[in-house]
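Look at the structure first, then read the points below.

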Amino acid sequence: MPRTSDRDTLPRILADDVHKDFKLRHTHSIKETALAAVRRKPLTTDFHALDGVSFTIGEGEAVALLGLNGSGKSTMLKMISGVLTADRGKVLTRGRVAGLIEVGAGFHPDLSGRENIYLNAAILGMSRKESADRFDDIVAFSEIEQFIDTEVKHYSSGMFLRLAFSVAIHTEVDILLIDEILSVGDEPFQKKCLARIRELHAQNKTLVVVSHDLDMVSNLCERAIVLRQGKIVFDGPSADGVEVLRRG
Ligand SMILES: Nc1ncnc2c1ncn2[C@@H]1O[C@H](COP(=O)(O)OP(=O)(O)O)[C@@H](O)[C@H]1O
Ligand SMILES: [Mg+2]
């Protein structure tokens, strides 16, 4: 049965009038800083990375978060995952959230791949027993058996991705957030990940995906939210969202 965004589903993610500012610094040297202080010029200005963003994403929905560089996509995903908090407004989630947001985030460089699997599984809410039961599957999916006892500081970004993705999809999650990082993997691994993401979608998990591969995301996701300078400019069928983005 096709899933549409207007189907009555339980909300999994709710963003209500979310604002997030970052301070942009204008000065570089001590002299500039002193001069600015004397002239009472502000040293920073607020930059609105997210400027009143509201949406609801239901159970089983796959949503593409689209927008040009700097439009606020990663900031929004970090709010959903809880890494960042809103200055104003709120972001609520229901269920377990796993985020593949920054390559290598959540990994401890001095620990081995094996130790990091246990660490990440614990962060995602798995018990020691659950992680032990799934350990072999996690390693097998990642295809980095050979390096599993190597400290992850020696891993390439592709190897990080393999491990992080593998842990995330072997955890009982309700919401999976994916930020561009799939592009780090090689093509066979990307295909494998995509197949697994489709399976999760079929299992009624909630997905929020950021990718520059517009054909891939509009194929995977039925709905797209398009951001421009921190504001939502479109929320609807993904094919239309891609058009909005391409028109600029
Ligand atoms: N920690 C930060 N400090 C200052 N500015 C930031 C920070 N994180 C993001 N920004 C700025 O906020 C804007 C939105 O960033 P981001 O959410 O990463 O955009 P996107 O993922 O859509 O490319 C960008 O202009 C970026 O430079
Ligand atoms: Mg980004």
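Strand β6 (residues 175-179) pairs with β7 in the parallel sense, over five bridges. Two strands count as paired if DSSP finds at least two bridges between them. Strands (E, at least two residues) and helices (H or I, at least four residues) are DSSP runs, numbered from the N terminus. The model is predicted: local features need pLDDT of at least 70, side-chain atom pairs count only at pLDDT 80 or more, and totals for chains, interfaces and linings use all residues. Residues are numbered from 1 along each chain as its sequence is written, while chains are lettered from A and ligands numbered from 1 in the order in which they are written.

**Sheet layout**

- Six strands form an open sheet with mixed pairing, in the order β5-β6-β7-β3-β8-β9.
- At the edges are β5 (97-100) and β9 (231-237), each pairing on one side only.
- From one strand to the next, the twist averages 15°, with axes fitted to C-alpha atoms and angles running from 0 to 180 degrees between N-to-C directions.

- Five of the five residues of β3 (residues 62-66) are buried, so the strand is largely enclosed by the rest of the structure.
- A residue is buried if 20 or more other C-beta atoms, placed from the backbone, lie within 10 Å of its own.
- A62, A64 and L66 are buried on one side of β3, and V63 and L65 on the other.
- Three bridges join β3 to the parallel strand β7 (residues 206-210), where L207 is the bridge partner of A62.
- L207 in β7 also stands opposite L176.
- Four bridges join β3 to the parallel strand β8 (residues 223-228), where V226 is the bridge partner of L66.

Key: Buried ≥ 20, exposed ≤ 12 C-beta atoms within 10 Å, placed from the backbone.
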